[in-house]
Amino acid sequence: MLRFLAHFTLAAALATPVAAQAPFRLETVASGLDSPVFVTAPAGDPRLFIVEQTGRIRVFADGALADAPFLDVTAQISSGGEQGLLGLAFHPNYASNGRFFVNFTDPSGDTRVVAYTVSADPAVADPASAQELLAIKQPYSNHNGGWIGFGPDGLLYAGMGDGGSGGDPQGNGQNPDSLLGKILTFDVDSGGPPKIFASGVRNPWRNAFDGADFYIADVGQNRWEEINVISAGQPGPNLGWNTMEGPDCFEAATCDTSGFVLPVHSYNHDEGCSITGGYVYRGAGIPAISGLYFFADYCAGVMHSLKYSNGAATGVTSYADAIGSIGNVTSFGLDGAGEMYVMTGGGELMKFVPST
C-alpha cells in the first residue's frame, strides 16, 4: 500500500488546531477496494469512478460496485510502494467527447499520462483509444506525484514529484530544465508539449482547484508537511523545495527565501508524517462546512480543515475528537454533484453526510 514518506505556516498556522464538533459524519459507501487512491466523476454524472493503485478504475453506481472495471491497465503498470495507477481526470466536456486521462507508472517505473475515450458502452472505456501525452523517466521508485486535474482555464494540470530518493539528490525541484519537482500543464485540445506551471515541489499528493485558487498539498522530508495556495492561470511560482521544507530552510541554517511562495499552512512531525490533500467543500448537502478546505495525514489518520481567504489560512480545525482516526487516508474526492468523499488504504470509501 502507498506509504508517502514525509517529513502550522508562520504566525497563526503554527498554532495547534482547535478541536471541533463535526457538523458531518462519514458514511461508508463501499469497502473491500484494492488499494484505492482516488475517486472522481464527470460533472453531473451520478456514478463514482474509483482508482485502484493496482491498475483498475471501478464504477460505483446505484449503491454497488460494477463487476467489470471501467478501465484495466494492470498489465501496463508497475504497482506497489508509491507506484501504480495514481490519477484520473475527466475532460470538462466528457459528456460530449468521452475523453478522460490517467496517470500511472509503467513497468519500468516511469510516469505516463495517457488519454482514453469511452466506448459505445458508457460503463466501459475503449482500451484501443489510448494516446500517450507524456512520458517522464523516473530515477527512483518514490515521489511520483500522480495527481491530474483540469483547471478553470481548461488546461490539464499534473503534479510531478522530485524523482525520489530523499532530499532531492538530483536537484530537480529547482532545475528549470527538469519536469520533475514541478506542476505541469497541457492543452489537451490543441496538443503540444507540457509546460511548467510551478516548480519547487517534493511530492504533491493530491491537489485541488477552488475557482482560481489552486491548493497543493506537498509531502515533506523530515520535519514539515505543507499546503500551498497559488493562482491558476498565473504560471511561474516557485514553492521552494529543496531549498525550503515547509516554512524553514531545508538543510542550511539560513537560506535566501526571496522569490519563493511560502505555504499558507504547515505542520510538523509531532502531528503526523505525510499529508493527504483534499478539497474545498462546495456541495449542497452540508452548508455548515461550505468553503472549508479539508485535508488529512496519512500516518495519523486524522482529518483537519481550514479556511483560506485574503492570502491566509485561518480557523485550522482538527476532527480528532469528533471523528477520530479513520486509518491511512489515501485521498479525498468529489462526485458529480460536488459532494465530498474520503478513502483509506484499508479499502474503504466514505462519504461526508450531515451529522443529524
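By class, the second largest pocket is lined by 7 nonpolar, 5 polar and 3 charged residues, where Ala, Val, Leu, Ile, Met, Phe, Trp, Tyr, Cys and Pro count as nonpolar, Asp, Glu, Lys and Arg as charged, and the others, Gly among them, as polar. This is a predicted model, in which local features need pLDDT of at least 70 and side-chain atom pairs count only at pLDDT 80 or more, while totals for chains, interfaces and linings use all residues. Residues are numbered from 1 along each chain as its sequence is written, and side-chain values use heavy atoms, with hydrogens and water left out.

The second largest pocket has a volume of about 190 Å³ (a pocket is an open set of points on a 1 Å grid over the protein atoms alone, with protein on both sides within 12 Å along at least five of seven lines, and lining residues have an atom within 4 Å of a point; a volume is the space filled by probe spheres set on the points, which are joined across faces, edges and corners). Of its 15 lining residues, L155, T185, F186, D187 and K195 are the closest to the centre. The strand β15 (195–199) gives the largest share of this lining, 3 residues (strands are DSSP runs of E, at least two residues, and helices runs of H or I, at least four, numbered from the N terminus).

The largest pocket has a volume of about 780 Å³, and of the 34 residues that line this pocket, T40, A41, F150, Y279 and L334 are the closest to its centre. Its lining divides into 21 nonpolar, 9 polar and 4 charged residues, and β16 supplies the largest share, 4 residues.

Conventions: On a 1 Å grid over the protein atoms alone, a cavity is a set of points where a 1.4 Å probe fits but cannot get out, and a pocket is an open set with protein on both sides within 12 Å along at least five of seven lines; lining residues have an atom within 4 Å of a point.
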